[in-house]
Amino acid sequence: MKETKKPSAPATSLFTKENYTWMIAGIILVALGILLMAGGKSDDPNVFKENEVYSFRRITIAPILILLGLGVEVYAIFKKPKNS
């Protein structure tokens with residue numbers, strides 16, 4: 001027996017351009033947070049620089065940016081396109 005193919009509905013994209021824009025913004029925020037958290041390496045392994053490792057930038061600003069970026073990613077995924 002020969003199977004007949006039924007015409008399918010036109011393929012629609014799951015995300016719109018606006019969703020992708022929000023996704024890129026979220027990726028940038030996460031990357032910025034990771035970059036702010038990086039560093040703190042000491043030239044001398046016997047010296048521990050507490051003010052560099054536990055700086056406000058590394059323990060407060062960077063994690064907030066990463067969490068904000070992840071929140072933007074969730075928003076971008078769940079955002080429904082506008083019907084116009």
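I began with patches, which are made of residues with over 30% relative accessible area and no salt bridge, like charges being joined within 9 Å and nonpolar side chains (Val, Leu, Ile, Met, Phe, Trp, Tyr) within 5 Å. I noted that this is a predicted model, where local features need pLDDT of at least 70 and side-chain atom pairs count only at pLDDT 80 or more, while totals for chains, interfaces and linings use all residues. Residues are numbered from 1 along each chain as its sequence is written, and side-chain values use heavy atoms, with hydrogens and water left out.

I found a nonpolar surface patch formed by Phe48, Tyr54 and Ile59, which together have about 360 Å² of accessible area (Shrake-Rupley method, 1.4 Å probe, with only the protein chains shown counting as cover for residues). Isoleucine 59 lies in helix α3 (helices are DSSP runs of H or I, at least four residues, numbered from the N terminus).

I then looked up how helix α1 (residues 17–37) packs with helix α3 (residues 56–78), and the angle is about 165°, with the axes 8 Å apart (axes are lines fitted to C-alpha atoms over the stretch in contact, and angles run from 0 to 180 degrees between N-to-C directions). That makes α1 roughly antiparallel to α3, a term for angles over 145 degrees.

I last checked salt bridges (a side-chain nitrogen of Lys or Arg within 4 Å of a carboxyl oxygen of Asp or Glu), and the count is two. Lysine 79 forms one with glutamate 18, their closest N and O atoms being 3.6 Å apart.

Notes: Helix = DSSP H or I, 4+ residues; strand = E, 2+ residues; numbered from the N terminus. Parallel < 35°, antiparallel > 145°, perpendicular 65-115°, else oblique.
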